[in-house]
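Dear colleague,

I am passing on the structure that we spoke about, and below it you will find my notes on what came out of it. Please read them with the model open beside you.

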Amino acid sequence: MNHSERKIWQDGRFIPWDQATVHVLSQSLQRGTLACAYSSVHDTAGGPAIFRLQEHVARLATTCEISGLALGYEQAELVAACAATVRENPNAKSLKISALIPSIEVELIPQDPRVSVFIAAYDPQADVVAAHDAAGHRPLHRATHVALKVERHFSNRREDIIPPQAKVAANYTSPIMAKVQARREGFDDVLLLNEQQLVAGAPTSNIFIVDSDGKLLTPPSDKVLLGITRDSIMQMAAALDIPCAEQDLREQDLIDADEVFLTATSVGVWPVIRIDQTTYGNGAPGPITKRLAEKHHAIIDGTDREFGHWLHYVN
C-alpha cells in the first residue's frame, strides 16, 4: 500500500490521504495550537499491535487539557478509532493523532473552538521519505548512534510559557531552530537545558545517563515531556534490577557519566556516543544501554511476556 491508497480517520469517518487538509488560515496552523500523539505499530505473531496506545491517548488528553483544547472524544473512543485506523491501513509502522482547531479565525481566542481529530496510520519510509527522495529533496538525516550538542541559547519548554508536559506544536519552534544549527556543526541533535541550566532532554526525546555506580538517572518528571518510552524504560529497569532514579542533572553529570542514551517512540533506545567534546564507550553502546534496548525490542516484537500488556492488538 502506498500513501495514495491510505485512509485518514477524521472525526468518525475515513477520508483519502490527500484530503486530510485544513485551511491555510485555520487557527491551529496560524497559532501553533495543534496537539499530537505519536505511537508505533509493530508486526507480531498475534498481528499488528500498537505500543502503549492507552498511555499515548491519555497524554494527548492531558495536552488538550493543559492547552485549552476542548477534546470532544472520550479516551476509549480514540483508542477504538486508532485500532480501526491501523486495520484500515495495512503495513503501517506509525500512528499519529492530531487534535486541532480547523476554523478560520482573526483573533487568538477562536470564535469557533471546535476541535477536530485526525488519525493517520502509515509507513514513514514508504509513504513520506520515499516521496521526498523521488522528488530530489535533501536525504533524511539518519544516525544509529547520536552526537549531541548542548544548546546554550534556546531553553527547554518552560512552565511559565508552555508547560513541558504539553505535546503541542508551538513547543517545537525554538528546538527546530537550535537543531538546524547543530546539524550544520556536525551534530545529530541538541540537548536542551531548562531555565535553571539543568539538563532537560532533546527536542523529541528524553535522556538517561548511567553513572559510575551503574545507576540509571533521568531528569525529574515535572521538568520534562512525560515520554511514554521514558516511563517504559524506568519500568523495564526495575524488572532488570537496574537501579533507576529521577534527579536533577547538571552538565558535569553528563561529563562524568559512563553511558548516555535517548528514548522516544520513534527511536526506542538511542545510544549517545558524544555530547559536545565528551565521548562515551569508544563510540559503542554501553552494557546497560544494550540490555534495555534488547528488552525494549523484545517487548515491541511481542516476544516478551512480562510486558506483553503494553501491546494493543488491533485484530
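A residue is called buried here if its relative accessible area is under 20%, exposed if over 50%, and partly exposed in between, as found with a 1.4 Å probe on protein chains only. The model is a predicted one, so local features need pLDDT of at least 70 and side-chain atom pairs count only at pLDDT 80 or more, while totals for chains, interfaces and linings use all residues. Residues are numbered from 1 along each chain as its sequence is written, and side-chain values use heavy atoms, with hydrogens and water left out.

Let me begin with the aromatic rings. Rings of Phe, Tyr and Trp (its six-membered ring) count as a pair if their centres lie within 6.5 Å, and planes under 30 degrees apart make the pair stacked, over 60 edge-to-face, and the rest tilted. The count by this rule is five aromatic pairs. One of them, F51 with W310, is edge-to-face, at 6.0 Å centre to centre and with 85° between the planes. This pair links distant parts of the chain, 259 residues apart, since F51 is in strand β4 (residues 47–51) and W310 in the loop between α8 (287–301) and β16 (311–313); helices (H or I, at least four residues) and strands (E, at least two) are DSSP runs numbered from the N terminus. F51 is buried, with a relative accessible area of 1%, and W310 is buried as well, at 3%.

A stacked pair is formed by F208 and F261, 5.2 Å centre to centre with 10° between the planes. F208 lies in strand β10 (residues 206–210) and F261 in strand β13 (residues 259–264), so the pair ties together parts 53 residues apart in sequence. F208 is buried, with a relative accessible area of 0%, and F261 is likewise buried, at 0%.

Next comes the nonpolar interior, where a core means a set of buried Ala, Val, Leu, Ile, Met, Phe, Trp, Tyr and Cys residues joined through side-chain atoms within 4.5 Å. The largest such core has 26 residues, and those with the most contacts inside it are I50, L60, L95, I97 and I119. At least two residues each come from β3 (35–44), α2 (53–67), α3 (75–88), β5 and β6, and α3 gives the most, with six residues. Apart from this core lies another, of 20 residues, among them L191, A257, V260 and Y280.

With best regards
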